[in-house]
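This report describes one protein structure for a reader who is new to such descriptions. Please look at the sequence and the structure first, then read on.

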Amino acid sequence: MRTKDNQEQTITMPFEGEVITNDDGAKGKNHPNFIESNTQAISLEELTERNIIPTFSDNSLTISHQNFIGAVTKVASNVFGELTPVELRVSHPVIGRIPSAQHKKAYELTEKEKTVFYQRMAFCCHVANLTRTINGQTVHLCIGGVRAYNEDKLYSRKSAMKFKVFVGWQVRVCSNLMLTCDGYSGTIECLTEADIMQKTFELFGGFEPRMDDTLHQLEGLRATPIPEELFCKIIGRMRLYQALPMNEQRKLPQLIVGDTAVNAMVRNYVSNPDFGITSGDDFTCWNLMQLGNEAVKQSYIDKWLERNRNCTDFAIGIQKAINGDDTEGYSWFIN
């Protein structure tokens, strides 16, 4: 199997304002997961050593999960500086066995006779020694990506493979990613690792000059309070949105957060110690965003990034609607 060295460091970017301490606590034993759902943790070493690499129908090799990680982290270290170790979550294992064990019963198989690859994988890491504090919370600059083999056409001859890359600010206390449009690549189609690196560089290079502006925009969400009555109205409209005919939904801002996530937001509104009403602080658009981002961590890996970004966009849109600056139709959720 081929691997990439993701430890290279070339440039450390300076930042203004509230900089910069080494915060190893974010990687401690009780560090919360950046995504939950039905995923499991795996080390990069285990992924590299045990995970087989699927091929196309013509036996052409796909880009492995570990090579995807290596390509993204190499670009990230060049743009932002030294990175922390990668956190990995995987799901949907495809389990097999080596040919010599084809007649064995499942319980008779040894570990060396089993094979596996994980259909879906998400990873993230932080820019080392860079932390900020906004709205009373420590945040890190976080980079990462998502790969889902179910989106590739492995049954045909070799073709472009699909990946997703992101960069954004992440809240330490809950590992909630606050992902904005300019920090998310969407689905990129690549044939080689060089393609991944080029498109990743375009994303990171475009985000880096504006990352402080993004942070200030997110911080500003706390300036807009949401009374309980208004929160209930927003939640009711979010439920109603799901039942609207498609032609009616198209007239409104896109909302891809389903009923399960909305239910989780309501529960966390009551019980979340950091962002719910039990925190003792006013409930604001900042809290609304965090409740949404926390809820969509239960999404499948291949849907998580889009829903996370959608929650951030939704909170920003609600803030504009409350302040009378809405131009996109978010007023429908509060009127």
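The protein has a mean pLDDT of 89, and 91% of its residues reach 70 or more; pLDDT is the predictor's confidence in each residue, from 0 to 100. This is a predicted model, in which local features need pLDDT of at least 70 and side-chain atom pairs count only at pLDDT 80 or more, while totals for chains, interfaces and linings use all residues. Residues are numbered from 1 along each chain as its sequence is written, and side-chain values use heavy atoms, with hydrogens and water left out.

Over residues 1-29 the pLDDT stays under 50, and the model has 67 contacts beyond four places in sequence for these residues. A contact means heavy atoms within 4.5 Å.

**Salt bridges**

A salt bridge is counted where a side-chain nitrogen of Lys or Arg is within 4 Å of a carboxyl oxygen of Asp or Glu. By this rule there are 14 salt bridges. The table gives some of them.

| Glu111 | Arg50 | 3.7 Å |

The salt bridge between Glu111 and Arg50 links distant parts of the chain: Glu111 is in the loop between strand 2 (87-97) and strand 3 (114-134), and Arg50 is in helix 1 (residues 44-50), 61 residues apart. Helices (H or I, at least four residues) and strands (E, at least two) are DSSP runs, numbered from the N terminus. Glu111 and Arg50 also belong to a network of salt bridges with Glu46 and Lys114.

How accessible are these residues? The terms are set by relative accessible area: buried is under 20%, exposed is over 50%, and partly exposed is in between (1.4 Å probe, protein chains only). Arg50, at 34%, is partly exposed. Asp152 and Arg147 are both buried.

Lys297 is in the loop between helix 8 (285-295) and helix 9 (301-322). Beyond four places in sequence, the contacts of Lys297 include Asn33, Phe34, Ile35, Cys174, Ser175 and Trp304.

**Nonpolar cores and a helix pair**

A nonpolar core is a set of buried Ala, Val, Leu, Ile, Met, Phe, Trp, Tyr and Cys residues joined through side-chain atoms within 4.5 Å. The largest one has 80 residues, of which Phe80, Ile143, Trp169 and Phe204 touch the most other members. A second, separate core has 13 residues, among them Ile35, Leu177, Ile301 and Leu305. In soluble globular proteins, nonpolar side chains tend to be buried together.

Helix 2 (residues 65-80) and helix 3 (residues 193-207) have axes that come within 9 Å and cross at roughly 35°. Axes are lines fitted to C-alpha atoms, for helices over the stretch in contact, and angles run from 0 to 180 degrees between N-to-C directions. Residues of helix 2 including Phe68, Val72 and Phe80 meet residues of helix 3 including Ile196, Phe201 and Phe204.

**Positive phi values**

Most residues other than glycine have a negative phi. Asn135 has a positive phi near 50°; this residue lies in the loop between strand 3 and strand 4 (137-148) and is buried, at 15%. Ser175 has a positive phi of about 60°. Ser175 is in the loop between strand 5 (161-171) and strand 6 (177-178), and is buried at 1%.
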